[in-house]
Amino acid sequence: PIAAVLGWLFNLIFLNYLFRKILPAQAPAVAAAAGKYASGKILNTDRLAAAFTDPQKLAAVRPLIESHIDVFLKEKLKEKMPAIAMFIGEKTIDMMKKSLMEEIDQLLPDLLGSYAGSLGDKLDLEQILVRKINELPEGKLEALLHQHLKKEKKMFQLAGALSGFIIGLVLLLLVLGAG
């Protein structure tokens, strides 16, 4: 029983040292590694650009764009440019809509691809994560670790108690067997 208590106590002391000293000191390095991983794997600008310019995905937003152009040409044009609206009819509106949609179909993939490609330059995830970790108030990281690793912490302490008990039992058997 004494060895079990010592094993549990040792693991408790180790965990507190780990949570208070080691992990907070390593947080910026972990954040940098997570940022590199995120920018390379999760927010890969090449994949993002490919997703933005995927013809199927663009076709999904086409009806929304088309409906906005319809509203503009049939309703808002009369409000914004009444002089021009007086001289155009339904056929002209349909031709204008068709021409605008053709231009948008050509422009949108390039525009979205360019925007997605420049996101990587604008968003340095590694630096953002490091900055956010460094901005955490003292003790907040420890509190977050305790909150999210409660179960694991208890299991580690129980493992220390169990291993201490087993070691104590083995030593007792060795002493009894030698005597």
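**Close-up 1. Helix α1 is the top contributor to the lining of the largest pocket, with 5 residues.** This is a predicted model, where local features need pLDDT of at least 70, side-chain atom pairs count only at pLDDT 80 or more, and totals for chains, interfaces and linings use all residues. Residues are numbered from 1 along each chain as its sequence is written, and side-chain values use heavy atoms, with hydrogens and water left out. The largest pocket holds about 210 Å³ of space. Two or more lining residues come from each of α1 (2–42), α6 (125–135) and α7 (140–148). Helices here are DSSP runs (H or I, at least four residues), numbered from the N terminus. A pocket is an open set of points on a 1 Å grid over the protein atoms alone, where a 1.4 Å probe fits, with protein on both sides within 12 Å along at least five of seven lines; lining residues have an atom within 4 Å of a point. The volume is the space filled by probe spheres set on the points, which are joined across faces, edges and corners.

**Close-up 2. The second largest pocket comes in at about 150 Å³.** Here α1 again gives the most to the lining, this time 6 residues. Among the lining residues are L23, V30, L129 and L145.

**Close-up 3. Q157 sits in helix α8 (residues 150–178).** Q157 counts as buried because its relative accessibility is 10% (buried means under 20% relative accessible area, 1.4 Å probe, protein chains only). Beyond its neighbours within four places in sequence, Q157 touches W8, N11, L12 and L15 (contact means heavy atoms within 4.5 Å).

Key: Buried means under 20% relative accessible area, exposed over 50%, partly exposed in between (1.4 Å probe, protein chains only).
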